[in-house]
Amino acid sequence: LLQRGTPWFDGVPSVQQCPIAPGKSLRYQFKADLFGTSWYHSHYSAQYAGGAFGAMVIHGPHENIFYDVDVGPILLTDWYHEPYFELVKQVISTKRGPPPFSDNNLINGKMDFDCSTIPAGGQACTPNAGISKFNFTSGKTHRLRLINAGSDGMQRFSIDNHTMTVIAQDFVPVRPFNTKVVTLGIGQRTDVIVKANMAPDTAVFMRSNIPRKCSPTTQPLALAAVYYEKANRTKTPKSNPQLYDDSKCGNDDLTISKPLFPFPALPNAATTLNLDITFRPNATGFNLWHVNDVSFRANFNSPVLLLAAAGNTSYPYSPQWAVQNFGTNSSVRLVIRNHIGANHPMHLHGHNFFVLAEGQGEWDGKITNYPSTTRRDVQIVQGSKDATTPGYLVLQYDTDNPGVWPFHCHIAWHVSAGVDGNLMEQPEEIRKRSVPQTVVQTCRDWSVHSGNEVVEQIDSGL
């Protein structure tokens, strides 16, 4: 959500608020200023990787004109058997190695698991725990609200023997287009319409697959069952998967996605920021991600937005807070170059950005689909092709929402290891607004907690 007028309730500790201390609470109050499919999650360390998240649906005007049945949210999530904090310890390490491999892949929290792979004396395991089940009605159109709420895994979603019509990406309605497979990076949402055009006794698999070349996983395939109204629900579907191109570790081609309500990005932004993503050890030997040679680290006791509201826009711990103050510039263009082979689903808070271009190599300055440029709030920047061919992503947004907005990779382990920048816009407008007392009290409570307990912050804090 854009949080227009309520940047304090965007929920990112050290940027817009202090963390909520143990035993305390904070009520978030904001306008539902966009409608569609989304999700909420903890932004403290990699906490949401342990399950602190959920789906969010905001209904808008006349949105049901395209379909008969709203199937509801479908959460696609990689899953780890180890607690998230133990995984963070593996990530923030002096040992150079691969990131954690997910143990399973889930659709709405369910998927079978081969318990024979658990070492003797290991975790308790229930074989054949079952898969999620969905109902289709012959001749009806069904809306599915797909959400990648995982920690690392890119998802390729499909339904055997069915074509999907995409109608929205993130919170942005798009001109409908047909596809056999939908790609979702972490944090992305895609709404699709599916026509139930098979016989009433049909049963097929719904699938979500993590491409092994793009994301580390031990068990990549998630299955769910789709039963038509006269299908035998006691039997497992026997359908076969659809074929699709699995070669690209990135979103589907920008040329196929155009907003339903287009408005062009300015051909020349007021200011441009180049961002280079690299990975290397810091001075103490810990392997961290860097953006323009800075690896973000949070100060939970001094949220940047609250300091800006008090007129303080020069920070004693800079550059570690990774603040970019764009002042009164009316628009910003971000040119991201990824010099490492891993992809990054980049998310900007407070805005739906224009996706001007993406690919591998160097941007040639051409805008894709101008003036019907793709808009959304998460877009994958591909990994580098080789040492001299970075992945690139070019984004642009208007600075019409005063605040401090995180711009980070949505892979939990990447933002934990520093892939975050905090983009400040219209600081003089921030100063004119009053911070709610509940937000101030949350910082008082955190100050008491952190003054009496050791806060085990081993990662960036986000």
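At 0% relative accessibility, F353 counts as buried (buried means under 20% relative accessible area, exposed over 50%, partly exposed in between, with a 1.4 Å probe and protein chains only). The model is predicted, so local features need pLDDT of at least 70 and side-chain atom pairs count only at pLDDT 80 or more, while totals for chains, interfaces and linings use all residues. Residues are numbered from 1 along each chain as its sequence is written, and side-chain values use heavy atoms, with hydrogens and water left out.

F353 lies in strand β19 (residues 353–360); strands (E, at least two residues) and helices (H or I, at least four) are DSSP runs numbered from the N terminus. Not counting residues up to four places away in sequence, F353 touches a set of residues including M346, L348, D377, V378 and Y397, where contact means heavy atoms within 4.5 Å. F353 and Q396 are 5.6 Å apart, C-alpha to C-alpha, and 43 residues apart in sequence.

**Salt bridges**

D377, one of the residues that F353 touches, also meets R189 in a salt bridge. A salt bridge is a side-chain nitrogen of Lys or Arg within 4 Å of a carboxyl oxygen of Asp or Glu. D377 lies in the loop between β20 (374–376) and β21 (378–381) and R189 in strand β11 (residues 189–195), so this pair ties together parts that are 188 residues apart in sequence. D377 is buried, at 6% relative accessible area, and R189 is buried, at 2%. The charged end of R189 also sits over the ring of F171, 5.2 Å from its centre (the criterion is NZ of Lys or CZ of Arg within 6 Å of the ring centre and within 35 degrees of the ring normal).

In the whole structure, 15 salt bridges are found. The table gives three of them.

| Pair | Closest N to O distance |
|---|---|
| E362 and R337 | 3.3 Å |

E362 is in the loop between β19 and β20, and R337 is in strand β17, 25 residues apart. R337 is partly exposed, at 27% relative accessibility, whereas D276 is buried, at 19%. Elsewhere, salt bridges link D70, R143, R145 and D191 in a network.

**Aromatic rings**

The structure has 12 aromatic pairs. Rings of Phe, Tyr and Trp (its six-membered ring) pair if their centres lie within 6.5 Å; planes under 30 degrees apart count as stacked, over 60 as edge-to-face and the rest as tilted. W39 and Y48 form an edge-to-face pair, 5.5 Å centre to centre with 75° between the planes. W39 is buried, at 9% relative accessible area, and Y48 is buried, at 5%. F300 and W446 are also edge-to-face, at 5.8 Å and 85°. F300 is in the loop between β15 (287–291) and α2 (304–309) and W446 in helix α5 (residues 437–452), so the pair ties together parts 146 residues apart in sequence. Both F300 and W446 are buried.

Ring pairs join W39, Y48 and F53 into a cluster. F53 is among the contacts of T77 beyond four places in sequence, which also include N104, L106 and Q155. T77 belongs to strand β3 (residues 69–79) and is buried, with a relative accessible area of 5%.
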